[in-house]
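Please read it alongside the structure shown below.

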Amino acid sequence: MSPRIFHIATNTFREAVRDRVLYNLIAFALLLSGAAIFVGQISIDIERLVVVDLGLTAVSLFGVVIAIFIGIGLVSKEIEKRTLYTVLSRPVRRWEFIVGKFFGLAGTLVVNTFFMAIGVFGALFYVAHKFSKPDALILVALYFIVLEFLIICSLALLFSSFSSPLLSAVFAFSLFVIGSFAEDLRGFAGLAHGVTRWFATAAAYLVPNFSALNVISAAAHEQPLSSQLILHNTLYALFYTAMALSGAVLIFERRNLK
Amino acid sequence: MAAIEILGLEKTYMVGFWRKRPKRALQPLHLTVEEGEIFGFLGPNGAGKTTTLKMLMGLVFPTSGTARILGHEWTDPEIKTQIGFLPEQPYFYDYLTAHELLDYYGQLSGVPGKDRKRRVEEVLQRVGLTDIQGVQLRKFSKGMLQRAGIAQAILHNPKLVFFDEPMSGLDPLGRREVRDLMEQLKQEGKTVFFSTHILSDAEALCDRVAIIYKGELRGVGAVEDLTSTVQGKVEVVWQGTQIPASMKALGADCHVTGDTVRAVLAENQQDAAIDALRRERIRLIAITPLRTSLEAYFVEKLQPSKATAGKTVGTAV
């Protein structure tokens with residue numbers, strides 16, 4: 001990684017920390033603590049299932065909201081506030097700026113997820129009083145959630161490189177919702193005929209397949225996850241992220257900063 | 001060697017909902033700035049000054065034309081290690097302190113760690129921000145932000161500095177300090193290219209100026225040359241409040257200011273005026289030929305040019 005990308009990423013991370021983005025961790029900790037105590041009192045035998053399901057879903061949703069709401073402003077805010085002028089008037093390539101911003105936001109989300117994961121395991125220990133071997137599945141689910149964040153970050157950056165923050169948020173959130181039902185969309189494409197089938201298939205493979213990355217239910221129910229799935233999802237997420245980032249770079253390289 | 005060679009840079013924006021209506025922000029611009037000079041880029045608001053600077057910085061892409069900076073292609077990113085830039089009304093990462101901001105920009109400019117620490121301290125002291133270097137920029141006044149902007153522009157010891165409206169937002173003392181700083185930069189052998197619409201600043205500082213209006217270059221030259229056109233009149237100043245009748249007879253336009261009198265009269269009446277004052281035993285203080293001010297030259301250049309008179313010229317963006 002070029003040193004300039006590293007410095008831009010570090011500064012993006014510092015911005016997120018100083019803008020108190022990580023304060024959401026407090027809300028998350030309170031939510032999980034409350035839920036663990038509540039679940040411990042009302043459920044019999046399914047405490048683990050409820051805590052894992054609730055905890056991982058909260059990790060995913062908190063992260064997606066942060067990824068979208070920071071990601072959409074990463075480029076447009078810099079243009080609007082003109083902070084970009086003094087960066088790009090230095091020997092910084094435009095692609096380095098985009099990639100640096102991406103790594104900064106991705107780093108913020110990884111740190112965020114790490115602390116929320118501690119919260120999930122804490123709540124789990126509170127209700128189960130011990131850790132068991134199937135709990136390792138939670139780590140896989142968390143890894144997939146991080147992959148999901150990488151895709152959303154890159155998409156938010158892509159939209160931020162050519163549209164307003166509001167439109168970027170709408171686009172990114174729409175893609176997140178559609179992508180969460182990507183498997184259903186593929187199923188629909190298989191049943192459709194003619195032009196509809198063609199369009200549905202194209203849409204099903206263009207939108208990010210977040211449903212494949214969602215193994216929260218499997219982790220909660222202690223269903224095994226194959227190493228092939230882990231490899232496949234990793235390659236898919238990295239490829240999709242690289243494509244979205246390339247698109248962001250291509251657009252940003254040609255943009256006049258008026 | 002020329003510090004900046006602008007070879008026909010031109011910018012036309014496509015505006016309107018379908019982006020089909022052309023709007024010319026800058027007509028083909030040819031301009032050369034020599035090394036070591038302070039060059040003023042003058043024009044009213046919206047003349048195309050900022051557009052030109054943004055093109056030179058690679059922030060806006062020209063419709064056509066090219067430029068060379070310090071002998072290199074202007075698109076070469078590495079040339080930016082030798083360039084400093086202060087944008088108009090600068091805004092910085094307000095969650096950073098002045099020290100952190102400069103350290104970050106030093107990193108991006110490739111200033112090595114040890115030198116960076118020293119340079120940051122030096123520059124903070126130079127712009128008078130040492131006492132508040134630990135305060136976040138969100139608590140800075142407009143004038144303090146301008147100082148931080150100047151600091152970041154000269155942090156990496158560039159050979160060429162671009163300032164876009166550097167006096168904007170500064171109080172009289174701050175403006176004086178910036179003037180002094182620009183003169184110091186010149187003494188250090190650096191080239192300063194600055195845009196302004198404040199003519200007194202340009203007249204006091206610049207070796208040469210260019211005047212741009214509605215995207216068109218209207219004039220360029222040394223300040224001394226532009227203001228040396230003798231109007232054929234002289235100003236005579238003498239001690240006292242007495243205005244001799246002989247002076248009035250010479251057609252002098254006299255004004256009493258405090259305990260002196262200023263009279264403007266035709267240059268060929270100069271000797272007769274001196275004789276008249278001697279006869280009256282009045283103490284002569286000064287005789288100065290009246291010259292065209294930069295302001296007069298500027299106003300003259302803003303009149304419609306023959307080439308563009310009668311046709312619409314797109315306003316600058």
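Two residues are in contact if their C-beta atoms, placed from the backbone, lie within 7 Å. This is a predicted model, and by that contact rule the interface between the chains takes 26 residues from chain B and 21 residues from chain A.

**Chain contact**
- On the side of chain B that touches chain A, the elements giving two or more residues are E6 and H2 of chain B.
- H2(B) gives the most to that side, with four residues.

**Confidence**
- The model scores ipTM 0.88 and pTM 0.85.
- Chain B has a mean pLDDT of 89, and 95% of its residues reach 70 or more.
- Residues 308-317 of chain B stay under 50 in pLDDT, and for this stretch the model has 25 contacts beyond four places in sequence.

**Helix H4 of chain B**
- H4(B) covers residues 142-154, and its end C-alpha atoms are 19 Å apart.
- That agrees with expectation, because 13 residues at 1.5 Å a residue should span 18 Å.
- The helix is mostly covered, with 10 of its 13 residues buried.
- The buried residues are B:Met144, B:Gln146, B:Arg147, B:Ala148, B:Gly149, B:Ile150, B:Ala151, B:Gln152, B:Ala153 and B:Ile154.
- In chain A, the buried residues of H4(B) pack against helix H5 (83-88).
- Within chain B, they pack against strand E6 (83-86), helix H2 (98-108), helix H3 (113-126), strand E7 (160-164) and helix H5 (172-187).

**H2 and H4 of chain B**
- The axes of H2(B) and H4(B) cross at roughly 30 degrees and come within 9 Å.
- Angles under 35 degrees count as roughly parallel, so H2(B) is roughly parallel to H4(B).
- H2(B) and H4(B) make a right-handed crossing.
- From H2(B), B:Ala98, B:Leu101, B:Leu102 and B:Tyr105 meet B:Ala148, B:Ala151 and B:Gln152 of H4(B).

**H3 and H8 of chain A**
- Helix H3 (residues 47-71) and helix H8 (residues 165-180) of chain A pack with their axes 9 Å apart, at an angle of about 150 degrees.
- Angles over 145 degrees count as roughly antiparallel, so H3(A) is roughly antiparallel to H8(A).
- The crossing of H3(A) past H8(A) is right-handed.
- H3(A) makes the contact through A:Val64, A:Ile68, A:Phe69 and A:Gly71, while H8(A) uses A:Ala169, A:Ala172, A:Phe173 and A:Phe176.

Terms used. Residues numbered from 1 in each chain as written. Chains lettered and ligands numbered in written order. Predicted model: local features only at pLDDT ≥ 70, side-chain atom pairs only at ≥ 80, totals over all residues. pLDDT = per-residue confidence, 0-100. Expected span 1.5 Å × (residues − 1). Buried ≥ 20, exposed ≤ 12 C-beta atoms within 10 Å, placed from the backbone. Axes fitted to C-alpha atoms, helices over the stretch in contact; angles between N-to-C directions. Parallel < 35°, antiparallel > 145°, perpendicular 65-115°, else oblique. Left-handed = near helix turned anticlockwise from the far one by under 90°.
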